[in-house]
Amino acid sequence: MDMSEPRKLRLAVVGNGMAGVRAIEELLKLAPDLYEITVFGAEPHPNYNRILLSPVLAGEQTLQDIVLNPVEWYAQNGIRLHLGKKVAKIDRVAREVVAEDGTTEPYDRLLLATGSNPFILPVPGTNLEGVLTYRDIHDTERMIEAAAKYRHAVVIGGGLLGLEAANGLKLRGMEVTVVHLMPWLMERQLDRTAANLLQQSLEEKGLSFKLEATTQEIVARDDMPVAPGAAEGTAVAPGAAAAAMARGPSPRVGGVRLKSGEILPADLVVMAVGIRPNTDLAQAAGLHCNRGIVVNDTMQTFDPRIYAVGECVNHRGMAYGLVAPLFEMAKVCANHLAHFGIGRYAGSLTSTKLKVTGVDLFSAGDFSGGPGTEDIVLADPGAGVYKKIVIKDDKLVGAVMYGDTVDGAWYFRLLREGKSVADIRDKLMFGESNLGDAGHQGQNKAAAMPMEAEVCGCNGVCKGTIVKAIKDKGLFTLEDVRKQTKASSSCGSCTGLVEQILMSTAGGDYSTAPKKKALCGCTEHTHQEVRDTIREHELLSIPAVYEFLEWRTPNGCATCRPAINYYLLSTWPHRAKDDPQSRFINERSHANIQKDGTYSVVPRMWGGETTASELRRIADVVDKYQIPTVKVTGGQRIDLLGVKKEDLPGVWADLGMPSGHAYAKALRTVKTCVGSEWCRFGTQDSTRMGQELEHALWRMYAPHKVKLAVSGCPRNCAESGIKDVGVIGVDSGWEIYVAGNGGIKTEVAQFFCKVKTHAEVLEYAGAFLQLYREEGFYLERTVHFITRVGLDYAKKRVLDDAEGRRALWQRLQFALDGEPDPWHEPSRAGVDLRQFQPVGASA
Amino acid sequence: MKVAVCRLDDIPRLGARRFRGDDGKTIAIFRTGGDEVFALRDQCPHKGGPLSQGIVFGESVSCPLHGWCISLKSGEAAAPDVGSVERFEVEVSDGVVRLDCRSADGHGHPVEGSCRPVEGNCRPVEERGPIDAAPACAGATSPCTSIPPK
């Protein structure tokens, strides 16, 4: 080794499974060159997807299909791979690991990902030929072999793994009996009703069950009283298996004797009664273990040089056996190994989906009830449907579903986010599609969709593409799918559908995203945390935010910069300085960019009213600048399309009309009907009300665009029912509706309050919008904001608290006071006029 | 073959300016947070969006039309998108940005109708006048780095 070059740190990884390799992948993303990495794997295979062993057993996939990282991957990433070498010892003093064959590797950091071992029942006969556990490729291969040769199988354990094994063996032609200690199947994931439905449906598939049955002994074939198959109910002398053992090596299994005395014939016994964290190696090295290698929130063991992730760890007293938590651990661990030091693992919520084709089962959270919880149950045994959701303090805490699991992903999302479900409680049981959130005409039965059906309308991604990406690239999270396929990465209305496809393709335990959603890839922090920090620590600039919150990137990205710029301006009006380079092009050039790089210009027409002189100027501008298209918009404005960027300042000046802000996350339009001035039905002067609102609110930047409407009577010709704030005049005053939306997710505005005067409309509407401006997340429309915080919260802040309402309204007026019109006072508005001319062009 | 096109100060930090060649095609000149300067054909490989109008961060620009991320250094789109955009050599000396309008990707992928190495193709900045009058690189505090050789 060239001593002049600094030596890389050495990372040894013990365990070549999903958790260990995932940690390496995450590490390579963060710090590809920091470590020289060595991996030990006891199995002779590269990293494969252990969860998909069930489909392999069932003959639905092959071993080739489930390899996650082929051997070449290790080589490409410069990782030394020791396959088929079991590590025998960790020497913490010399800092090296020694394999059984003597291979020794030194380390600076060690990562233990030794996984778990199947639990073996302490009964006689477990070492007979044909008694297997269900853990790895080797077990699976032996089960497939046995299924080809023999007829009777007994699976001990009616949990997730046991049932998947039983189903696989049945599909391979065996007669399968499941022996389960508890009164119902999957008792940790299901309540009794759901378990009974499950059992029924598995019985219809031909499986047999022995519940509340204790295994006493596994009996060798030679000790079976008569030929297998005729043996049921015949007693065998206890200890026969032990006697068989004495006669020679590994006689074949013949049956399973239950405590009741009954004997089940068995040529194959699969033991799936649970797993135990594999801590032998750690324990021998003197690391603190307690039903798992004990780790802290940074995944460090009691030796700070040694990390542990996966099924082998005990984190805050929990050991996890599902893949999603392991991936969260891997991510945190990699972050610390990469010296970033900002991730923390705080435990996971888990959900379960049984991977048995034709059986739809989903469970998540705590569904056992208890004090303070309420159950909502839907049971239709005839149709094989059962759903139970458990609510505590207005939040969803658990869900069990059988037969119709379409909404599993949605329930799990509600559960993770811990959102209040008080507002949707009456519809909760009927699923997401009943909330008017279907996005795609309620077509949300992902599994039933044909492969060529389009899932993501924005990016033109069909189901087949997503399924293929999930299978080929081994994707696990919604984020991964978004990155690889673009599905659900634009408008997001198909997110639920994509999650369902992810679930039905890869199994339910994949779909978990981290509980807290980071603002973007540059940080761990959420929108809420960033907003709070800006307020609490009086941060006034983007660099200050990045420094204070230890951003990972020097100047952020196209996602976080606009968000933070907005948060600064909305939190500290007149103090924080706008950064044009952190705005999307539309807000930087104060016009809407079009597909060909030209722009559109929409001048403001207060309340949708215009004059002959304005129309003449518009016509002149169209002629002078040869603007190809003139169009009337849905918000009662005139849109000039196809303006060259160079012409924008001239167009604005010649129009002599205020900016319409049609390009901004800001107040767009106040749409009005003609109202009592002209209309024979009109009860109120809606046009004037709309103009007053527009004069009060224009130049108001917000988390997203804001549209208002004012109608002069309940006929509602201005479509107030689908606006962020919709006002409807009635004989006795004005009704205010909020959080409507006519876009991606058509949403009817909800009734907010009724007031009498114009001044009250301004104050109430303004206060509501200021609340949204102060607490909404960037790019969150009012409908999403209200869904998140609850309409009751907005009512509490704006209606119940009169002083608070006036304060909100005043803060809004303060923020808007003196705000310049960017079209006509560009220098005050900070518009960089240089952008309109190319450089090097002759002036 | 490099011609002066503007001063470094004419390009906002984390921003870009457009330069129009005599062929009518536009080259985008970017300035990073660390005052490095890069030049790319102002045309996203996806749907031709003007990259000069995007948000610049790190050594990337995000296209204003559909958010593809293009590396300023390599001209390549970030995964999972695939595509690349023509690069041009550009450097800063004495606070003046000098651009070579010939594609730096030479044999790689000739872009149809792109700025060809024809004499006088790029209008020298002197014709515009004011550049020499302006102070060169505004003081020692403003670092003027040149683009690393490709």
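In which sense do strand β5 of chain A and β6(A) pair, and over how many bridges? Strand β5 (residues 96–99) of chain A pairs with β6(A) in the antiparallel sense, over 3 bridges. Two strands count as paired if DSSP finds at least two bridges between them. Strands are DSSP runs of E with at least two residues, and helices are runs of H or I with at least four, numbered from the N terminus.

Before you look around, please keep in mind that this is a predicted model: local features need pLDDT of at least 70, side-chain atom pairs count only at pLDDT 80 or more, and totals for chains, interfaces and linings use all residues. Residues are numbered from 1 along each chain as its sequence is written, while chains are lettered from A and ligands numbered from 1 in the order in which they are written.

**A sheet in chain A**

- Strands β4-β5-β6 of chain A, in that order, form an open sheet of 3 strands with antiparallel pairing.
- The edges are held by β4 (87–91) and β6 (104–106) of chain A; each has a single partner strand, so one side of each has no neighbour in the sheet.
- On average, neighbouring strands here are turned by 20° against each other, direction ignored, with axes being lines fitted to C-alpha atoms.
- V98(A) has T104(A) in β6(A) as its bridge partner.

**E311 of chain A**

- You will find E311(A) in the loop between β19 (306–308) and β20 (313–315) of chain A.
- E311(A) is buried, with 27 other C-beta atoms within 10 Å; buried takes 20 or more, exposed 12 or fewer, and partly exposed lies in between, with C-beta atoms placed from the backbone.
- P277(A) is 34 residues away along the chain, yet its C-alpha atom is separated from that of E311(A) by 5.9 Å.
- Leaving aside neighbours within four places in sequence, E311(A) is in contact with residues including A19(A), G115(A), I275(A), P277(A), Y320(A) and L326(A); contact puts the C-beta atoms, placed from the backbone, within 7 Å.

**Chain B**

- Chain B has 0 helices and 9 strands.
- Of the 150 residues in chain B, 43% are buried.
- Among contacts in chain B between residues at least 6 apart in sequence, 52% join residues at least 24 apart.

**Confidence**

- The average pLDDT (the predictor's confidence in each residue, from 0 to 100) is 76 for chain B, and 70% of its residues score at least 70.
- Residues 107–150 of chain B have a pLDDT below 50, and this stretch has 71 contacts in the model beyond near neighbours in sequence.
- For the complex, the predictor gives an ipTM of 0.72 and a pTM of 0.57.

Methods. Axes fitted to C-alpha atoms, helices over the stretch in contact; angles between N-to-C directions. Contact = placed C-beta atoms within 7 Å.
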